[in-house]
Amino acid sequence: MKELIDLHIHSCHSDGVHPPAELVRMAAERGLATIAVADHDAVEGIDEAVAAGTKWGVEVIPALELSVEHGRYRDMHILGYWIDHRDDALRNRLAEFRRIRDDRGRAIVERINRKLVAGRKAPLSYEQVRSLAGGAVGRPHIARVLMDAGYARDMGDAFKRYLIPFNVPKRYMPAADAIAEIRRIGGVAVLAHPTTVSDNQRELRRIIEELIKLGLDGIEVFNNMCQKEEMIFLQNLADEFGLIITGGSDYHGIEDDVEIGIGRGGLAISRHLAVELKKRAESRTATRGMSVE
């Protein structure tokens, strides 16, 4: 019986490399029972993933990941699970965010190209970046084009030499709006990799308490960004506040040391977490006359 899960995977519809169906096949080969393809500001890959899940015997949770801001904190990530991904208002809102991300990606490439041309190098093609992305453009897609052109040795080199120096600020949704939107469509709102928000445990506790007041349902306790001691802290925090616990690899397909289901080799996320997550979603969707399938 399959007992392990991965609730944080990205496809080519945001900043991942692989199509959703391919991710499901990889998860099946890994022996996973449940996965969530949680793309940034995009839900276009969910139906493909669900269909592939039926074929390969993997439960696929409809999910997404929103980049948010809260107070002075920017680029916090809120995961939404068991969402109604066909909701028209949600899709319209996400389409606007993807347009903004596309404008940002184009602006970053223009900045990089000015440097390349000044150095007598051929500029990047933004159409090549968009083609690689397949959906919402992210900086990893630009990095891949830089690597393919021979301008960077690897992903880290691309970010250090080009993407960080020529970055364009990202637009974020207020955390309150993101949590409210996820809950409106029957979803469960979870703070992704919490220790990336702050490595100060007292400050992180304060932030999570504020997010709970806004409707936060859970925290991603098991993730690649945490040390074992930090996971214990997060688990205790979740138990204290009655929060749902989730976990995932945050797999994109561009990392050399991250694999679906096991992350960097230390993750082993139990299926019972997905069961508890579904129960929370079912209690929410019952009030909207929906079913979680």
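Visitor: In which loop is the place of Asp-250?

Guide: In this predicted model, Asp-250 sits in the loop between strand 8 (244-247) and strand 9 (269-270).

Visitor: Which other residue has a positive phi although it is not a glycine?

Guide: Trp-82 has a positive phi of about 55°. Trp-82 is placed in the loop between strand 4 and helix 3.

Visitor: Are Asp-250 and Trp-82 buried or exposed?

Guide: A residue counts as buried when its relative accessible area is under 20%. Asp-250 has a value of 14%, so it is buried. Trp-82 is also buried, because its relative accessibility is 5%.

Visitor: Let us turn to the interior. How does one read a nonpolar core?

Guide: In soluble globular proteins, nonpolar side chains tend to be buried together. Here the largest nonpolar core holds 55 residues, and those that touch the most other members are Tyr-81, Leu-191 and Ile-219. Apart from that core lies another, of 22 residues, including Ile-112, Ala-133, Ile-142 and Ala-158.

Visitor: Which residues does Tyr-81 touch, not counting residues up to four places away in sequence?

Guide: With those set aside, Tyr-81 touches Leu-7, Ala-36, Ile-61, Pro-62, Ala-63, Gly-187, Val-188, Val-190, Thr-246 and Leu-277.

Visitor: Which helices and strands each supply at least two residues of the lining of the largest pocket?

Guide: At least two lining residues come from each of strand 4 (73-81), helix 3 (88-118), helix 5 (139-148) and helix 6 (155-163).

Visitor: How do the residues of that lining divide into nonpolar, polar and charged?

Guide: The lining of the largest pocket comprises nine nonpolar, ten polar and ten charged residues.

Visitor: Where does His-40 lie, and which side chain does a polar contact join to that of His-40?

Guide: His-40 belongs to strand 2 (residues 32-40). The side chains of His-40 and Glu-65 are joined by a polar contact of 3.5 Å. His-40 has a relative accessible area of 5% and is therefore buried.

Definitions and conventions: Residues numbered from 1 in each chain as written. Predicted model: local features only at pLDDT ≥ 70, side-chain atom pairs only at ≥ 80, totals over all residues. Heavy atoms only, no water. Helix = DSSP H or I, 4+ residues; strand = E, 2+ residues; numbered from the N terminus. Nonpolar A, V, L, I, M, F, W, Y, C, P; charged D, E, K, R; others polar. Buried < 20%, exposed > 50% of the residue type's maximum accessible area, 1.4 Å probe, protein only. Polar contact = N/O pair within 3.5 Å; in protein donor to acceptor, adjacent residues only side chain to side chain. Core = buried A, V, L, I, M, F, W, Y, C linked by side-chain atoms within 4.5 Å. Contact = heavy atoms within 4.5 Å.
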